[in-house]
Amino acid sequence: MKTVFLMGKRVADRVFEPAELRRLEDLGAELVFRSEETDANPAEAAELMRGAETVITSWGCPRLDAALLEGAPDLKAVLHAAGSVKAVVPPEVWERGIRVTSGAAVLGRGVGETALGLTIMAMKNIVQVAEETKRSGWWNVRKDPVRDSVREMYGSVVGVIGGGNAGRHYLSLLRHFQVKVLLADPSYTAEQAAAAGAELVPLKELLARADVVTLLAPEIPATYRMLNGERLGAMKDGAALINLSRGSLIDEEALARELRRGRLRAILDVTEEEPPRRDHPFMTLPNVMLTGHIAGAVNNGLLAIGHFIVDEWARFAAGGRMEGEIDPSKLDGMA
(Lines give C-alpha, C1' and ligand atoms only; values in the text may rest on other atoms or scores of the structure.)
Protein backbone atom coordinates (compact mmCIF):
# COMPACT_ATOMS: atom_id res chain seq x y z
CA MET A 1 0.00 0.00 0.00
CA LYS A 2 1.74 3.17 -1.20
CA THR A 3 1.92 5.59 1.72
CA VAL A 4 3.18 9.11 1.08
CA PHE A 5 4.62 11.43 3.74
CA LEU A 6 3.85 14.97 2.55
CA MET A 7 5.73 16.75 5.32
CA GLY A 8 9.39 17.63 5.00
CA LYS A 9 12.15 15.54 6.52
CA ARG A 10 12.52 17.96 9.45
CA VAL A 11 8.94 17.39 10.64
CA ALA A 12 8.92 13.67 9.77
CA ASP A 13 12.06 13.06 11.85
CA ARG A 14 10.54 14.85 14.85
CA VAL A 15 7.26 12.89 14.73
CA PHE A 16 8.25 9.40 13.54
CA GLU A 17 10.96 7.32 15.17
CA PRO A 18 12.86 4.91 12.88
CA ALA A 19 11.30 1.96 14.73
CA GLU A 20 7.82 3.23 13.87
CA LEU A 21 8.71 3.56 10.20
CA ARG A 22 10.06 0.00 10.21
CA ARG A 23 6.81 -1.09 11.82
CA LEU A 24 4.87 0.51 8.98
CA GLU A 25 6.98 -1.33 6.42
CA ASP A 26 6.49 -4.61 8.30
CA LEU A 27 2.74 -3.99 8.14
CA GLY A 28 2.93 -3.76 4.36
CA ALA A 29 3.38 -0.05 3.66
CA GLU A 30 5.44 1.14 0.73
CA LEU A 31 6.81 4.38 2.16
CA VAL A 32 7.51 7.47 0.07
CA PHE A 33 9.26 10.44 1.71
CA ARG A 34 10.46 13.88 0.79
CA SER A 35 14.21 14.17 1.12
CA GLU A 36 14.01 17.96 1.54
CA GLU A 37 13.73 19.52 4.97
CA THR A 38 10.78 21.69 3.96
CA ASP A 39 7.17 20.68 3.33
CA ALA A 40 5.92 19.80 -0.14
CA ASN A 41 4.36 22.52 -2.26
CA PRO A 42 1.19 21.62 -4.23
CA ALA A 43 3.08 20.65 -7.38
CA GLU A 44 5.45 18.37 -5.47
CA ALA A 45 2.55 16.92 -3.51
CA ALA A 46 0.70 16.07 -6.71
CA GLU A 47 3.69 14.16 -8.03
CA LEU A 48 4.22 12.26 -4.77
CA MET A 49 0.53 11.37 -4.39
CA ARG A 50 0.18 9.74 -7.79
CA GLY A 51 -0.86 6.13 -7.11
CA ALA A 52 -0.96 6.60 -3.32
CA GLU A 53 -3.58 4.78 -1.26
CA THR A 54 -2.77 6.56 2.00
CA VAL A 55 -1.23 9.95 2.70
CA ILE A 56 0.32 11.08 5.98
CA THR A 57 0.21 14.83 6.59
CA SER A 58 1.31 17.09 9.44
CA TRP A 59 1.98 20.74 10.21
CA GLY A 60 2.70 22.86 7.13
CA CYS A 61 1.47 20.42 4.49
CA PRO A 62 -0.44 21.75 1.47
CA ARG A 63 -4.23 21.70 1.41
CA LEU A 64 -5.56 18.58 -0.30
CA ASP A 65 -7.78 20.47 -2.72
CA ALA A 66 -9.66 19.16 -5.75
CA ALA A 67 -6.65 19.54 -8.05
CA LEU A 68 -4.48 17.33 -5.83
CA LEU A 69 -7.25 14.78 -5.36
CA GLU A 70 -7.84 14.52 -9.11
CA GLY A 71 -4.31 13.24 -9.51
CA ALA A 72 -4.68 10.67 -6.73
CA PRO A 73 -7.74 8.60 -7.65
CA ASP A 74 -6.55 5.64 -5.55
CA LEU A 75 -6.40 7.63 -2.32
CA LYS A 76 -8.44 5.99 0.44
CA ALA A 77 -7.23 7.57 3.69
CA VAL A 78 -5.53 10.69 5.05
CA LEU A 79 -3.72 10.26 8.38
CA HIS A 80 -2.92 13.65 9.88
CA ALA A 81 0.04 13.49 12.26
CA ALA A 82 -0.95 16.70 14.03
CA GLY A 83 -4.08 18.19 15.59
CA SER A 84 -6.74 20.05 13.63
CA VAL A 85 -7.24 18.87 10.04
CA LYS A 86 -9.08 22.01 8.90
CA ALA A 87 -6.08 23.65 7.23
CA VAL A 88 -5.21 20.51 5.27
CA VAL A 89 -8.43 18.57 4.62
CA PRO A 90 -11.27 20.33 2.75
CA PRO A 91 -14.81 18.90 2.38
CA GLU A 92 -13.91 17.44 -1.02
CA VAL A 93 -11.86 14.76 0.72
CA TRP A 94 -14.89 13.28 2.48
CA GLU A 95 -17.07 13.82 -0.58
CA ARG A 96 -14.80 11.38 -2.41
CA GLY A 97 -15.23 8.77 0.32
CA ILE A 98 -11.71 9.24 1.65
CA ARG A 99 -11.41 8.53 5.36
CA VAL A 100 -9.58 10.94 7.66
CA THR A 101 -7.99 10.56 11.08
CA SER A 102 -5.75 12.82 13.17
CA GLY A 103 -3.54 12.83 16.23
CA ALA A 104 -5.76 15.39 18.01
CA ALA A 105 -6.55 12.95 20.83
CA VAL A 106 -2.82 12.43 21.48
CA LEU A 107 -2.19 16.17 21.60
CA GLY A 108 -5.23 16.47 23.84
CA ARG A 109 -3.67 14.15 26.38
CA GLY A 110 -0.62 16.39 26.58
CA VAL A 111 -2.80 19.48 26.97
CA GLY A 112 -4.82 17.76 29.71
CA GLU A 113 -1.67 16.84 31.60
CA THR A 114 -0.35 20.39 31.28
CA ALA A 115 -3.71 21.68 32.52
CA LEU A 116 -3.40 19.59 35.66
CA GLY A 117 0.13 20.80 36.38
CA LEU A 118 -0.85 24.43 35.86
CA THR A 119 -3.97 23.99 37.99
CA ILE A 120 -1.83 22.99 40.94
CA MET A 121 0.57 25.86 40.20
CA ALA A 122 -2.35 28.29 40.06
CA MET A 123 -3.84 27.00 43.32
CA LYS A 124 -0.47 27.37 45.06
CA ASN A 125 0.13 30.76 43.37
CA ILE A 126 3.60 29.45 42.59
CA VAL A 127 4.67 32.36 40.39
CA GLN A 128 4.12 35.09 42.97
CA VAL A 129 5.17 32.95 45.92
CA ALA A 130 8.47 32.10 44.18
CA GLU A 131 9.14 35.76 43.38
CA GLU A 132 8.35 36.82 46.93
CA THR A 133 10.58 34.07 48.31
CA LYS A 134 13.52 35.44 46.30
CA ARG A 135 12.72 39.03 47.21
CA SER A 136 12.07 38.68 50.92
CA GLY A 137 13.89 35.53 51.89
CA TRP A 138 12.65 32.06 52.74
CA TRP A 139 11.42 32.79 56.23
CA ASN A 140 9.95 36.21 55.60
CA VAL A 141 7.61 34.85 52.96
CA ARG A 142 5.79 32.99 55.70
CA LYS A 143 4.58 36.33 56.99
CA ASP A 144 3.79 37.83 53.60
CA PRO A 145 0.22 38.28 52.35
CA VAL A 146 1.21 36.42 49.18
CA ARG A 147 1.42 33.27 51.28
CA ASP A 148 -2.21 33.76 52.28
CA SER A 149 -3.21 33.45 48.62
CA VAL A 150 -2.06 29.80 48.49
CA ARG A 151 -4.85 27.24 48.18
CA GLU A 152 -4.80 23.46 48.23
CA MET A 153 -6.68 21.23 45.83
CA TYR A 154 -8.78 19.80 48.66
CA GLY A 155 -12.27 21.25 48.64
CA SER A 156 -11.55 23.67 45.79
CA VAL A 157 -13.74 24.25 42.75
CA VAL A 158 -12.25 23.70 39.30
CA GLY A 159 -14.12 25.01 36.27
CA VAL A 160 -13.52 23.34 32.91
CA ILE A 161 -14.67 25.11 29.75
CA GLY A 162 -14.67 22.56 26.94
CA GLY A 163 -14.90 18.80 27.22
CA GLY A 164 -13.20 17.73 23.97
CA ASN A 165 -10.05 15.63 23.71
CA ALA A 166 -8.05 17.76 26.16
CA GLY A 167 -11.01 18.41 28.44
CA ARG A 168 -11.89 14.73 28.74
CA HIS A 169 -8.37 13.79 29.75
CA TYR A 170 -8.16 16.69 32.20
CA LEU A 171 -11.46 15.60 33.76
CA SER A 172 -10.14 12.07 34.15
CA LEU A 173 -7.03 13.35 35.92
CA LEU A 174 -9.05 15.54 38.27
CA ARG A 175 -10.81 12.42 39.56
CA HIS A 176 -7.69 11.73 41.63
CA PHE A 177 -8.23 14.88 43.70
CA GLN A 178 -10.84 15.91 46.23
CA VAL A 179 -12.15 18.80 44.18
CA LYS A 180 -15.54 19.93 42.90
CA VAL A 181 -15.48 20.00 39.09
CA LEU A 182 -17.80 22.17 37.01
CA LEU A 183 -18.09 21.74 33.24
CA ALA A 184 -19.45 24.14 30.63
CA ASP A 185 -19.85 22.51 27.22
CA PRO A 186 -23.00 22.68 25.06
CA SER A 187 -22.27 19.27 23.51
CA TYR A 188 -22.62 17.46 26.87
CA THR A 189 -25.72 16.31 28.66
CA ALA A 190 -25.91 16.44 32.45
CA GLU A 191 -25.59 12.64 32.48
CA GLN A 192 -22.48 12.69 30.30
CA ALA A 193 -20.88 15.33 32.49
CA ALA A 194 -21.67 13.33 35.64
CA ALA A 195 -20.11 10.23 34.08
CA ALA A 196 -16.97 12.30 33.49
CA GLY A 197 -16.94 13.40 37.13
CA ALA A 198 -18.31 16.91 36.66
CA GLU A 199 -21.43 18.98 37.19
CA LEU A 200 -22.74 20.54 33.97
CA VAL A 201 -23.48 24.22 34.57
CA PRO A 202 -24.00 27.40 32.51
CA LEU A 203 -20.80 29.29 31.74
CA LYS A 204 -21.66 32.28 33.93
CA GLU A 205 -22.29 30.03 36.93
CA LEU A 206 -18.99 28.22 36.37
CA LEU A 207 -17.11 31.52 36.30
CA ALA A 208 -18.77 32.72 39.49
CA ARG A 209 -18.05 29.55 41.47
CA ALA A 210 -14.64 28.30 40.33
CA ASP A 211 -11.34 28.93 42.09
CA VAL A 212 -9.53 27.98 38.89
CA VAL A 213 -11.03 28.24 35.41
CA THR A 214 -9.34 26.22 32.67
CA LEU A 215 -10.20 27.15 29.09
CA LEU A 216 -10.05 24.17 26.69
CA ALA A 217 -12.81 24.99 24.20
CA PRO A 218 -12.19 24.86 20.42
CA GLU A 219 -11.48 27.96 18.37
CA ILE A 220 -14.65 28.28 16.28
CA PRO A 221 -16.87 31.31 15.49
CA ALA A 222 -19.15 30.56 18.45
CA THR A 223 -16.25 30.80 20.93
CA TYR A 224 -14.70 34.05 19.69
CA ARG A 225 -14.05 36.20 22.79
CA MET A 226 -16.42 34.03 24.79
CA LEU A 227 -14.70 35.36 27.90
CA ASN A 228 -15.60 39.02 27.44
CA GLY A 229 -15.56 41.80 29.99
CA GLU A 230 -18.90 40.86 31.52
CA ARG A 231 -17.99 37.21 31.95
CA LEU A 232 -14.51 37.92 33.28
CA GLY A 233 -16.14 40.31 35.73
CA ALA A 234 -18.27 37.42 36.99
CA MET A 235 -15.19 35.52 38.17
CA LYS A 236 -14.67 35.46 41.91
CA ASP A 237 -11.95 37.58 43.52
CA GLY A 238 -8.66 35.69 43.74
CA ALA A 239 -9.57 33.17 41.04
CA ALA A 240 -7.07 32.04 38.41
CA LEU A 241 -7.68 31.71 34.67
CA ILE A 242 -5.71 29.17 32.61
CA ASN A 243 -5.96 29.36 28.82
CA LEU A 244 -4.65 26.35 26.86
CA SER A 245 -6.98 26.85 23.92
CA ARG A 246 -6.46 29.91 21.70
CA GLY A 247 -6.02 33.57 22.51
CA SER A 248 -9.05 34.61 20.47
CA LEU A 249 -11.37 33.05 23.06
CA ILE A 250 -10.57 35.85 25.52
CA ASP A 251 -11.09 39.61 25.25
CA GLU A 252 -7.51 40.41 26.17
CA GLU A 253 -8.14 44.09 26.92
CA ALA A 254 -10.87 43.14 29.38
CA LEU A 255 -8.62 40.53 31.00
CA ALA A 256 -5.81 43.06 31.32
CA ARG A 257 -8.21 45.42 33.13
CA GLU A 258 -9.14 42.72 35.64
CA LEU A 259 -5.49 41.80 36.14
CA ARG A 260 -4.47 45.41 36.75
CA ARG A 261 -7.10 45.57 39.47
CA GLY A 262 -5.40 42.57 41.09
CA ARG A 263 -8.64 40.62 41.24
CA LEU A 264 -7.49 37.69 39.13
CA ARG A 265 -4.39 35.74 38.18
CA ALA A 266 -3.74 34.20 34.77
CA ILE A 267 -1.61 31.50 33.21
CA LEU A 268 -1.71 31.87 29.44
CA ASP A 269 -0.17 29.34 27.08
CA VAL A 270 -1.67 31.19 24.12
CA THR A 271 -2.40 34.79 23.17
CA GLU A 272 -4.30 36.30 20.27
CA GLU A 273 -1.07 37.59 18.74
CA GLU A 274 1.86 35.21 19.14
CA PRO A 275 4.23 36.32 20.39
CA PRO A 276 2.54 39.29 22.05
CA ARG A 277 4.10 42.68 21.38
CA ARG A 278 6.74 43.77 23.88
CA ASP A 279 4.50 46.48 25.35
CA HIS A 280 1.51 44.16 25.82
CA PRO A 281 0.26 44.25 29.44
CA PHE A 282 0.65 40.47 29.67
CA MET A 283 4.41 40.95 29.27
CA THR A 284 4.75 43.08 32.40
CA LEU A 285 1.87 42.41 34.80
CA PRO A 286 3.12 40.43 37.81
CA ASN A 287 -0.01 38.27 38.06
CA VAL A 288 0.36 36.76 34.57
CA MET A 289 2.50 33.80 33.56
CA LEU A 290 3.08 33.17 29.84
CA THR A 291 4.22 29.70 28.75
CA GLY A 292 4.77 30.20 25.03
CA HIS A 293 2.34 27.68 23.47
CA ILE A 294 3.90 24.51 24.86
CA ALA A 295 0.81 22.77 26.29
CA GLY A 296 0.38 20.04 23.67
CA ALA A 297 3.62 18.52 22.38
CA VAL A 298 6.94 20.22 21.76
CA ASN A 299 9.74 17.67 21.75
CA ASN A 300 9.55 14.00 22.75
CA GLY A 301 5.76 14.25 23.05
CA LEU A 302 5.58 14.56 19.25
CA LEU A 303 6.75 10.95 18.99
CA ALA A 304 3.51 9.81 20.64
CA ILE A 305 1.65 11.20 17.63
CA GLY A 306 3.80 9.16 15.25
CA HIS A 307 3.19 6.01 17.27
CA PHE A 308 -0.56 6.65 17.20
CA ILE A 309 -0.62 7.30 13.44
CA VAL A 310 1.17 4.01 12.77
CA ASP A 311 -1.45 2.27 14.91
CA GLU A 312 -4.15 4.04 12.92
CA TRP A 313 -2.56 2.89 9.64
CA ALA A 314 -2.64 -0.69 10.94
CA ARG A 315 -6.31 -0.37 11.90
CA PHE A 316 -7.15 1.04 8.48
CA ALA A 317 -5.19 -1.65 6.63
CA ALA A 318 -7.02 -4.32 8.63
CA GLY A 319 -10.36 -2.90 7.55
CA GLY A 320 -11.30 -1.52 10.97
CA ARG A 321 -12.37 1.90 12.18
CA MET A 322 -9.57 4.24 13.13
CA GLU A 323 -9.73 5.53 16.72
CA GLY A 324 -9.24 9.17 15.74
CA GLU A 325 -11.45 8.97 12.64
CA ILE A 326 -13.26 12.24 12.02
CA ASP A 327 -16.98 12.46 11.40
CA PRO A 328 -17.31 15.38 8.96
CA SER A 329 -20.82 16.17 10.25
CA LYS A 330 -19.21 17.22 13.56
CA LEU A 331 -16.41 19.27 12.04
CA ASP A 332 -18.02 22.66 12.74
CA GLY A 333 -17.74 22.07 16.49
CA MET A 334 -14.12 20.94 16.34
CA ALA A 335 -10.92 22.96 16.49
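1. The sheet. Seven strands make up an open sheet, ordered S8-S7-S6-S9-S10-S11-S12, and the pairing is parallel. The model is predicted. Its edges are strand S8 (199–200) and strand S12 (288–290). Each of these has a single partner strand, so one side of each is left without a neighbour in the sheet.

2. Inside the sheet. Take the pairing of strand S9 (residues 212–215) with strand S10 (residues 240–243). These strands run in the parallel sense and are joined over four bridges.

3. Which strands does H6 lie across? They are strand S6 (157–161), S9, S10, strand S11 (265–268) and S12. Relative to S9, helix H6 runs at about 150°.

4. Helix geometry. H6 spans residues 104–124, which is 21 residues. From first C-alpha to last, the helix reaches 30 Å. That is close to the 30 Å expected at 1.5 Å a residue. After H6 comes Asn-125, with a positive phi near 55°.

5. A residue of H6. Ala-105 sits in helix H6. The limits are under 20% for buried and over 50% for exposed. Between Ala-105 and Leu-268 there are 21 Å in space, C-alpha to C-alpha, and the two are 163 residues apart in sequence.

6. Aromatic pairs. How many aromatic pairs does the structure hold? It holds two. One of them joins Phe-5 and Phe-16 in an edge-to-face arrangement. The centres are 5.2 Å apart and the planes stand at 85°. Edge-to-face applies because the angle between the planes is over 60 degrees. The partners come from distant parts of the chain, 11 residues apart. Phe-5 belongs to strand S1 (residues 2–5), whereas Phe-16 lies in the loop between helix H1 (9–15) and helix H2 (18–26).

7. Burial of that pair. Phe-5 has 0% relative accessibility and therefore counts as buried. Phe-16 is at 3%, so Phe-16 counts as buried as well. Both values fall under the 20% limit.

8. The ring cluster. Phe-33 also belongs in this picture. Ring pairs link Phe-5, Phe-16 and Phe-33 into a cluster.

How values were computed
Residues are numbered from 1 along each chain as its sequence is written. This is a predicted model: local features need pLDDT of at least 70, side-chain atom pairs count only at pLDDT 80 or more; totals for chains, interfaces and linings use all residues. Side-chain values use heavy atoms; hydrogens and water are left out. Helices (H or I, at least four residues) and strands (E, at least two) are DSSP runs, numbered from the N terminus. The expected span of a helix is 1.5 Å times one less than its number of residues. Rings of Phe, Tyr and Trp (its six-membered ring) pair if their centres lie within 6.5 Å; planes under 30 degrees apart count as stacked, over 60 as edge-to-face and the rest as tilted. Buried means under 20% relative accessible area, exposed over 50%, partly exposed in between (1.4 Å probe, protein chains only). Two strands pair if DSSP finds at least two bridges between them. Contact means heavy atoms within 4.5 Å. Axes are lines fitted to C-alpha atoms, for helices over the stretch in contact, and angles run from 0 to 180 degrees between N-to-C directions.
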